[in-house]
Amino acid sequence: NIDENKTFLDYGAYQGSFLYACKSIWKVKTIANDFNKEGLKFAKNFLDIDKTYESNDIYKDEFSDKIDFCTVIHVLEHLHDPLKFLKHVKNKIIKNEGYIYVEVPSAESSTYDDPTHLFMFNKDSLKYLFNLAGYDILHISQKKIYDYKKIKLLKRHVQTMVHCVAK
């Protein structure tokens, strides 16, 4: 039941394009969290994101209201302590009946040459991490982001993603 009374928070929102889509489709309240000031300005001024927060400490930052839906898209693999972050979100950010969605590149198809990726996950390791953090997993899957076999010209490696929805 997604409606205009729900609030979406996107960690690593940058310029807010994901939140813009959520707001356009469901008319929800939106909060962008990122460390990039210029990206957050764009989100607020051009995409009409309701609130923007420059992240000071992702493990401690809090918001005035508890969140209904928290998204963490291609962020978790960059954190020094993903377990601490997930516990913080569970205990201080989302409502008791709130949800979190995490998407990370799969360790089973990723190249290991990105120095900003501090952790690599597959479906099993992400499930283990969520269980350690005390979440109830509603869905977890590992899929290619699109059907690349239908695109004849695509020659490069195609990334597989791990997706998890929990509460």
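**Strands, rings and charges**

Modeller: The model is a predicted one. Leucine 9 stands opposite isoleucine 31 in strand 2. Strand 1 (residues 7-11) and strand 2 (residues 29-34) pair in the parallel sense over 5 bridges.

Biologist: Why is the pair of phenylalanine 8 and tryptophan 26 called stacked?

Modeller: Their ring centres are 5.7 Å apart, and a pair requires centres within 6.5 Å. Their planes stand at 25°, and planes under 30 degrees apart count as stacked, so the pair is stacked. Phenylalanine 8 lies in strand 1 and tryptophan 26 in helix 1, so the pair ties together parts that are 18 residues apart in sequence.

Biologist: How do you know whether phenylalanine 8 is buried or exposed?

Modeller: Phenylalanine 8 has a relative accessible area of 5%, and buried means under 20%, so this residue is buried. Tryptophan 26 has 34%, which falls between 20% and 50%, so tryptophan 26 is partly exposed.

Biologist: Why is lysine 84 said to lie over the face of tyrosine 59?

Modeller: Lysine 84 is at 5.2 Å from the ring centre of tyrosine 59, and the distance rule asks for within 6 Å. The charged end of lysine 90 likewise sits over the ring of tyrosine 135, 5.7 Å from its centre.

Note on methods:
Residues numbered from 1 in each chain as written. Predicted model: local features only at pLDDT ≥ 70, side-chain atom pairs only at ≥ 80, totals over all residues. Heavy atoms only, no water. Pairing = 2+ DSSP bridges. Helix = DSSP H or I, 4+ residues; strand = E, 2+ residues; numbered from the N terminus. Phe/Tyr/Trp six-rings, centres within 6.5 Å; stacked < 30°, edge-to-face > 60°. Buried < 20%, exposed > 50% of the residue type's maximum accessible area, 1.4 Å probe, protein only. Lys NZ or Arg CZ within 6 Å of the ring centre and 35° of its normal.
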